[in-house]
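Here is a short report for a reader who is new to this structure.

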Amino acid sequence: MQRAFRSGLALQGRSFSIVQKSQVIRRQHFKVQATAAATATTSISTPPEIFDIGKNRHIDMTSNRLYIQEVLEKITEKTNNLPPPIFTEKCCELYKQLDKNGKLEFFDVLSKEFDVDRENSIKQAREYITASSKSDATQIEKSLQYFLEPKYNIFLDRIHQLPNGLKFLADMRADLLDLMGPRGSATYNEYISLEQDIRLKLKKYVIGFLKLERITWEKSSAALLEKICSYEAVHQVKDWKDIKRRLELDRRVYAFFENNIPNEPLAFVHVALLPTLANSVQAILEAPNPTKQDLNPSNFEYAICYSITTQQGLGGINLGNYLIKQAVDDLQKQFPMLKVFATLSPMPGYRQWLTSHVDSDSTIQAEFEHVSDWKNVSVSKEDDKLNRFNSEDQEELKDPLMRLCSRYILSEKRIGNNALDPVANFHLRNGACAHQIHWQADTSEKGIRDSFGIMINYNYITDRLESNHRLYQKNGTISISEPTSTSAEKESWLSQWIVRKQQQQQ
């Protein structure tokens, strides 16, 4: 839910077409326009030693690393005279023309040539230990702070000062995350420090400057609606009719904006106002247009968040958390009769976890012992019931899959006692309760592929958010708010798993 697509989406009538901007990039990763020197002398005078590769300068394009370093040196000079924005703008233009390998080299220059000055930091640290007076120690502290500040932070600040600089930095971080690869890989370890510093800078730039707005069919611009459709990362928007239904009076879409880029949604959430708890995302997405009776506010007892999207480059700075809580506050003011604020969330890692552990974990295999031929050794792996699962003819797998799903949400952990499932971790870290899991809640191809079609409600109980958050952060404790009525008893999979686990430990 925290990943976004940054490709452009052109909406024409009821159909969408992906618009991809093609750029001609040389083998050496980038191309600088030969006319830069001529055009730079109009309103702003650009010094000929940088960016001028025409008459006054010849760049050996095979040594682009040196060129990138020279450009960054000019931008990050620690002087009282700030470089003109033209330098920073030209650097952004250069970066945009880089291919994948060129961007990796750009990040390599940033992380190695513009990192902390460790040599001088060590020297200052030794002098600090032997400082003979408080005034000497104070002066050394200031010097130490100076050398411990990565030089690339100056570059990040200069980028942020540009129009649309925040968007550029978010996209740049998204590029870096893609290039880093999986956690623990050599490339990941090489650039994790740079990525974390960019994330902290983005958090500093964004938090406190966010503005919550409701997206509407009548007042929001077509360009903004197009971005909402294009960026949607959870449930793809099919056409104009689809997005219009998601903006009806029994639906809400809230988005965060930053003042300097008012038409760029940084994160947004889709909410359905319903009379009952949602147990199917198709029922929400494919609902007919509401009647006048449907729009009676007295019918709205449940606010169900069914999609949250954050731009990829802004992941990890808790925008989704702030967004949900502000959306809840706004809904409470509009509809005091709302009883429950919950989600209908996917479990993107469940099926992959199960299929990767079923061959080696006897406790998982035991859950299927009453299902005939659930894993037929006489046929190929692709032909057994578990691997060719679909929502139509695999009802016999419901009970074991729901039990194992409860285990996956409540017991499977990543490092640090956090829930293994990324969406679960997000909502539980926010202080939500695991509420109820639902069979055949998402029968789309993606839903079946990710979680056998199972979805879960996370319940945001406002007066328990802070205590739940503290318990989860402290030791991974997951709070449950599952329904206890007789009619729901057979579907209380989460509670049944807890009871079963406690019995096994006795």
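Four elements, strand 5 (267-274), strand 6 (302-310), helix 13 (319-334) and strand 7 (340-343), each supply at least two residues of the lining of the largest cavity. Helix 13 gives the most, with four residues. Helices (H or I, at least four residues) and strands (E, at least two) are DSSP runs, numbered from the N terminus.

The model is predicted: local features need pLDDT of at least 70, side-chain atom pairs count only at pLDDT 80 or more, and totals for chains, interfaces and linings use all residues. Residues are numbered from 1 along each chain as its sequence is written, and side-chain values use heavy atoms, with hydrogens and water left out.

**Cavities**

Rolling a probe the size of a water molecule over the atoms shows where empty space is left. Here a cavity is a set of points, on a 1 Å grid over the protein atoms alone, where a 1.4 Å probe fits but cannot get out; lining residues have an atom within 4 Å of a point. Grid points are joined across faces, edges and corners, and a volume is the space filled by probe spheres set on the points. A search of the whole structure finds two cavities of 30 Å³ or more.

The largest cavity has 13 lining residues, and the closest to its centre are Val271, Cys305, Ile324, Val328 and Ala342. The second largest cavity is lined by Asp242, Arg245, Arg246, Arg251, Ile284, Leu285 and Tyr306.

| Cavity | Volume | Lining by class |
|---|---|---|
| Largest | about 100 Å³ | 12 nonpolar, one polar, no charged residues |

**Chain and cores**

The protein chain has 20 helices and nine strands. Of its 506 residues, 49% count as buried. Buried means under 20% relative accessible area, exposed over 50%, and partly exposed in between (1.4 Å probe, protein chains only).

A nonpolar core is a set of buried Ala, Val, Leu, Ile, Met, Phe, Trp, Tyr and Cys residues joined through side-chain atoms within 4.5 Å. The largest one has 98 residues. Those with the most contacts inside it are Phe106, Phe107, Phe155, Met172, Tyr350 and Leu401. A second, separate core of 14 residues includes Cys229, Tyr231, Leu247 and Val253.

Contact means heavy atoms within 4.5 Å. Beyond its neighbours within four places in sequence, Met172 is in contact with Tyr95, Phe106, Phe107, Phe155, Leu156 and Ile198.

The buried residues are Val423, Ala424, Asn425, Phe426, His427 and Leu428. Just after helix 17, Gly431 takes a positive phi of about 105 degrees.

Leu212 sits in strand 3 (residues 210-214). Leu212 is partly exposed, with a relative accessible area of 24%. Not counting residues up to four places away in sequence, Leu212 touches Tyr254, Ala255, Phe256, Leu323, Gln326 and Ala327. Leu212 and Leu323 are 111 residues apart along the chain, and their C-alpha atoms are separated by 7.7 Å.

How values were computed. 1 Å grid on protein atoms, 1.4 Å probe; cavity = no way out; pocket = protein on both sides within 12 Å on 5 of 7 lines; lining within 4 Å. Nonpolar A, V, L, I, M, F, W, Y, C, P; charged D, E, K, R; others polar.
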